[in-house]
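Hello,

Here is the structure I promised to pass on. Please open it first, then read my notes below.

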Amino acid sequence: MKHVVGRVPVRSLVLVTVLSLGGTALATSAASALGRDVPDPSEPAVEATSTTSPTPTVSPTPTASPTPSPTASPTPTASPTPKPTATPKPTPKPKPTPKLITRSAVLGTTVQGRRIMGYYRGWSHTTQKRTLVVLGQMHGDEKAGLQTADWVRRNVKPTKGSEIWVIPTMNPDGNARGTRTNARGVDLNRNWGTSGYRSSGKGTRTWGGPRAASERETKAVAAFLRRKRPDYIASVHQPFGVVVRTDKDRGWERRLADALGLPIREVGVGTPSGLTSPTLTGWYNRYYGRHGTATTLEYRASVSSAYAGRRAGLAITGAARVRARLG
Ligand SMILES: [Zn+2]
């Protein structure tokens, strides 16, 4: 074929003419009649010509093209505006309406493969000023907070500029087993990396685990809280019937206590004085306390679903001042 290259323009010229007259079969026969090589149909020259051949069938469409042009006419008015230099004029642009965003995220997985879920409610196009995290359950045998989490997730719309993260349980294995500890026998509220952490007590209900923050559940929630740095964290437990005092944010504690009908009390976890409790709230308040306050809520042992759901959900979101309305 190489030796033909010089003649290719001539041949393709012929081909184009013949093709426009109609059909490849005619083209090849015409080419062979001219005594030249029959072109390989895969050759670009032929493909190019063959693509031109179907155009007559497309030609009726131009009649449709004039009609859409009026819709295209507004674009010329926009075309003079684009300047490559960054001249942002915020005044002519109307502010986009904030939209409620709901989404879920997998914060981590347990040794038994269960997912630790987080559910988000917030607004687009707003600067988030306040973040509330509701942790429904850490101890698998304390079930009431699951209802709080569920109720908040389903019913509360945050104020614009606020966002709510609901973590129904950070111990889904313990929840499935109905045990305080996780599947490895670790009390997740003694496993946080603070000065008060102890590895002793294996086999008891309050074993802190082999190492500080050894558990996947602790790591997952700690990573989440480090990222979000919430203003308020409500960590729900049972059965003492108190709002655990931290004195970090007395207004928040008072609002919680009033709405929940519970007293504010100190609750020790056996940590020597001067050391920080190896609990979620101990850890957060110690290391991220300038960002916000984590508070342990101890519902009573037996609470109605109306209390654990609506009442507690209203209490927590109201105390954090993140609730706009329901629905
Ligand atoms: Zn608990």
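A contact here means heavy atoms within 4.5 Å. With that in hand, residues 24 or more positions apart account for 69% of the contacts in the protein chain with a separation of 6 or more. Please keep in mind that this is a predicted model.

First, the overall picture. The chain has 327 residues, and 40% of them count as buried. Its accessible surface comes to about 17300 Å². Carbon and sulfur atoms hold 56% of that surface. You will find 12 helices and 10 strands.

Now go to strand β6, residues 232–237. How many of its six residues are buried? Six of the six are, so β6 is largely enclosed by the rest of the structure. Buried means under 20% relative accessible area.

Next, look at where the side chains go. In a regular strand they alternate between the two faces of the sheet. In β6, Y232, A234 and V236 point one way. I233, S235 and H237 point the other way. Both sets are buried.

Which strands pair with β6? One is β3, residues 130–135. It runs parallel to β6, and the two share four bridges. Within this pairing, L135 has S235 of β6 as its bridge partner. Another is β9, residues 293–300. β9 and β6 also pair in the parallel sense, over six bridges. There, A234 stands opposite T295 of β9.

Best wishes

Definitions and conventions: Residues are numbered from 1 along each chain as its sequence is written. This is a predicted model: local features need pLDDT of at least 70, side-chain atom pairs count only at pLDDT 80 or more; totals for chains, interfaces and linings use all residues. Side-chain values use heavy atoms; hydrogens and water are left out. Buried means under 20% relative accessible area, exposed over 50%, partly exposed in between (1.4 Å probe, protein chains only). Accessible areas come from the Shrake-Rupley method with a 1.4 Å probe; for residues, only the protein chains shown count as cover. Two strands pair if DSSP finds at least two bridges between them.
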